[in-house]
Amino acid sequence: MVLETYGRSTGFCIDPIEKKPLNHFLPGTPVLSFGTAGCNLGCKFCQNWDISKSREVSRISEIAAASDIAHAALQWGCRSVAFTYNDPVIWAEYALDTAKACHEIGLRTVAVTAGYLTETSRQDFFSGMDAANIDLKAFTEDFYYKLTGAHLSAVLDTIRYAVHETDCWVELTNLIIPEANDDPDELKRMMGWILDEVGCDVPVHFTAFHPDFRMRDVPATSHETLAMAYDMARQAGLNFVYVGNVHDVPRQSTYCPSCQKRIIERDWHQLGIYDLQQDRCRNCGYRLPGLFDAAPGDWGRRRQPISIRPTQSPTHESMALQVTSPTRTGPNMNREIDNPIPSLQRNQLESIHRSACHLVEAAVHNQSLDVSQELGTLADLLVAGIFVTLKRGNTLRGCCGMLGRPTRLAGALADSATRTALHDPRMAPVTATELPHLTLSISILGSPRPIGMSGDDQMRMIEIGKHGLRIRNNNNAGLLLPIVAKERVWNARQFLDAVCTKAGLPPGSWRSEETTVELFDGIDHSAPFHVTSDVTSDRIERESPVVDATTLQQLNLWVQSNLDAMLSGATPMYYATDVDDMTVAGVALQISMDSNHPTGWMHLNVKEGIPMQSSLFQLTQAAASTLKQTNGEGQGRIALAILSRLIHHGMDTDFEVQEVQPNNRAMIAMDGKRWSITFNPSLSVNDLITTTLAAEHFRAGGTMIYSALCDSTATQLAISAGPSALTHAPVRPPAVAGSFYPAKDTDREHLVDQILGELKNSEKTPITSRPVNAAMVPHAGLQYSGRISADVWRRIELPQDILIISPKHTPHGIDWAVSPHEQWNLSESSTMQGNPELARQIAESVPGMEMDAVAHQREHGIEVQLPFLHRLAPASRITAIAMSGGTVAELRTAAQSLAKLMTGLATPPLVVISSDMNHFADDSENRRRDRLALDELAALNPLGLLETCEKENISMCGKIPAAFVLLMLQAMKIECHYEEIAYATSADVSGDRSRVVGYASLLF
Ligand code: SF4
């Protein structure tokens, strides 16, 4: 008897070992991690519920033999393989076979388990494991029974067994859930049991819960609770205690139990100081329990999803295992040999292109295809790299490939085409109906070689259109194909910067001596997708409903009765037993109360789909919660929709929707914060999309357009959601006191006086304050940019009202948010007045602006100005706008409206832009970029500023507020003069010139 899940996985990823979490087992090393589907527990807080609750084997899409997994781990430089994501005790046969294959080639194995297994199975299971992280989810039977469906005693037996009767290294994890298992008495009893039963050297991880699955109404664990558990455990006598899912270096580091020195420093999964010699404290020689190499690994905190291809034939065994990524380079790097780009005729490129189309088409139909025969002699051509790119119009639909050791073209093309079609981690899998609308490009690449120059001379070596680039620096690596630079019309500098950005490095780091820049040649061929004749008939056939009318009605009844149960306090039915569960792209629920606009909820996963029943259950919970708050009785009309066969049509500014049939497809728009869905068979496709986009204030140029086959109980459906504004919040408490400026009044005032005093002492001629039209100040911490800001503030005759316009650095709240606050607090005793009346006037008269306190809750761009204003003009009133995004047309319209409002005010406020300049280039490059942006500001050219920042990759965070204010001044027809008061970079304070931020203060 073989389990259906044997040899199949939900995906493979290389993680830091600290993520398991294991802190005493080969620190810093990468671990190849994978899981299957299902679980033997039913935790209501499961954070992997889409995997653990899946009833479908199809959810586990990757097939890999045990030996292929072990060899992939070895090739990627992993020291171990982890059985995780769902509990490996339910797929122990597959885990143990993989463990055997790992041990044969010297790899270790790790189990991440809830430890709920019987006495006899324990022995088998742990015989294959070198390390285990075992969940001790709580210390009451009540918790285990009610929230997991399991029993505590079996878990305690497993922990005892693993620690005392096996050689397996064991660490424990306790996920602390507010109000469920965070009672200090319970924690104390748990710690006592650990000490008594398994000893003080078993590491314990207290990790933070995030609302998930069926416990979305429970708040996340506070940092204070984690700290409390940590302190209790240390005081109780446990030697190795850690907190997880937060940043907390002191409580994530390891301390020597003998000399108390910090011997392994950690920030989340990233190692810092490492003071061990093998496994001994360098300070006192104490031997640390666990498994330690001579030196720690350097994998860092990154996660690297990978695909594993099965070994295909003995003759190609050494090259058939393709574990590749378009952006990261693996351990195959050291096997690269010089392989020039092959010389190919046009007809040969066309033949490869045609085969790539066949492979993509086969992939979207879940078929396998060998194109060796149709490629003929090209099949055995060795290529160093190949990428397949799919686009719809200008919208990327997938781009995957490999670059490394020379590989047979047929195999590399098959791997690249399949991954592009189905597994590009950035986007939804391609569907058959999209194929006729796509363009496919193939890029055939030569071996990478060092660029052979340093500094700016590197730019001379790059020929745009001919060369691709690969850049590496420590754990960061990025690659862009020659075709990308050609299409974007970049120059060499822009190309180098773009690859740095892709690698997660600051632009300009290609100049650093620590950065490796490599060139590779490439040829490409692009043409419309070649579709074979049976796709059209397949498309028509496949657009039949996924869920039939009877099933829809059963689901509707289930949702309605659950809603009634939730509203009345009765127990809902977790599953609709008469309906088969399945994975779908999304589900939507609409409730129409008699007099109101319909309210609705949607879950959509454009990449992997979601389990239908549990997702509908969650929507029902959300609906019940909303109805409870609004005193709804639940007697509104319910409509639900099951969404499948998602098609990505492009962005709001560039999309194609030819194949959409409004009679069975819904149109969906999403921009990260807002979504809307419209299903209306009576509309034309154009009206459908117009209605969908009009439902919310979507971000222009940043909104994805999808359609989905919509099986609905209603003839029409139109729901949407977006951030809702918090318009009433009298007091704005300090958010960055203690970090951007001293929290204590006396310390803050002392620092402000010190800065102002130093500026005064450096004056050659005395400065007197004067009225100005507008100003710009930086907004870093006072120790970095305070002097630059203060130099502007002290020159201005400050009026009663000050309007500060800052970029919105957080994702929260409305995009253009006006502060509704009556009062701004620096501390309990230091406050400043707001002007809610001016805020109201701005929100009412400026299109796109809304009163919203949420956007201001964590925003530092305004708050960091207050210490100076509190000192220089304590009676002034603060109004603030936090801005994120916006098109030129929207900025212009808003600026004209604000100009009109300002002109009509008897005493208009001083308008102040809060902005830093470029971020994180080296000092000289940062200064060069800043000067380009400052030249545009000096020319009072708002559009030039935006264009220059875009073209030169200048990360001036306040470019939108700055352009907005310049447009407003133009609309007010005020004659302005630019005056640059001060400029500096963070290096002027820190001395570190390798990575700086620019600061400028200006008067207009
Ligand atoms: S044991 Fe883990 S994977 Fe299984 S249901 Fe509980 S939390 Fe989810």
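This is a predicted model: local features need pLDDT of at least 70, side-chain atom pairs count only at pLDDT 80 or more; totals for chains, interfaces and linings use all residues.
1. The side chain of Glu434 forms a polar contact of 2.7 Å with the side chain of Arg397. With residues up to four places away in sequence not counted, Glu434 touches Arg392, Arg397, Pro429, Leu646, Ile647, His648 and Glu659.

2. Ile134 belongs to strand β7 (residues 131-135). Ile134 is also buried, with a relative accessible area of 0%. Neighbours within four places in sequence left aside, its contacts are Thr113, Ala114, Gly115, Phe126, Thr158, Ile159, Ala162, Val170, Glu171, Leu172 and Thr173. Between the C-alpha atoms of Ile134 and Leu409 there are 45 Å, and the two residues are 275 residues apart along the chain.

3. Helices α17 (residues 549-568) and α18 (residues 612-629) pack with their axes 9 Å apart, at an angle of about 40 degrees. The two helices are therefore oblique to each other. The crossing of α17 past α18 is right-handed.

4. On the α17 side, this contact is made by Leu555, Trp558, Val559, Asn562, Leu563, Met566 and Leu567. The α18 side supplies Met612, Gln613, Leu616, Phe617, Thr620, Gln621, Ala623, Ala624, Leu627 and Lys628. Sorted by class, the contact between α17 and α18 has 12 nonpolar, 4 polar and 1 charged residues.

Key: Residues are numbered from 1 along each chain as its sequence is written. Side-chain values use heavy atoms; hydrogens and water are left out. Axes are lines fitted to C-alpha atoms, for helices over the stretch in contact, and angles run from 0 to 180 degrees between N-to-C directions. Helices (H or I, at least four residues) and strands (E, at least two) are DSSP runs, numbered from the N terminus. Angles under 35 degrees count as roughly parallel, over 145 as roughly antiparallel, 65 to 115 as roughly perpendicular and the rest as oblique. A crossing is left-handed if the near helix is turned anticlockwise from the far one by less than a right angle, and right-handed if clockwise. Contact means heavy atoms within 4.5 Å. Ala, Val, Leu, Ile, Met, Phe, Trp, Tyr, Cys and Pro count as nonpolar, Asp, Glu, Lys and Arg as charged, and the others, Gly among them, as polar. Buried means under 20% relative accessible area, exposed over 50%, partly exposed in between (1.4 Å probe, protein chains only). A polar contact is a pair of N or O atoms within 3.5 Å; within protein, one must be able to donate a hydrogen and the other to accept it, and residues adjacent in sequence count only if both atoms are side-chain atoms.
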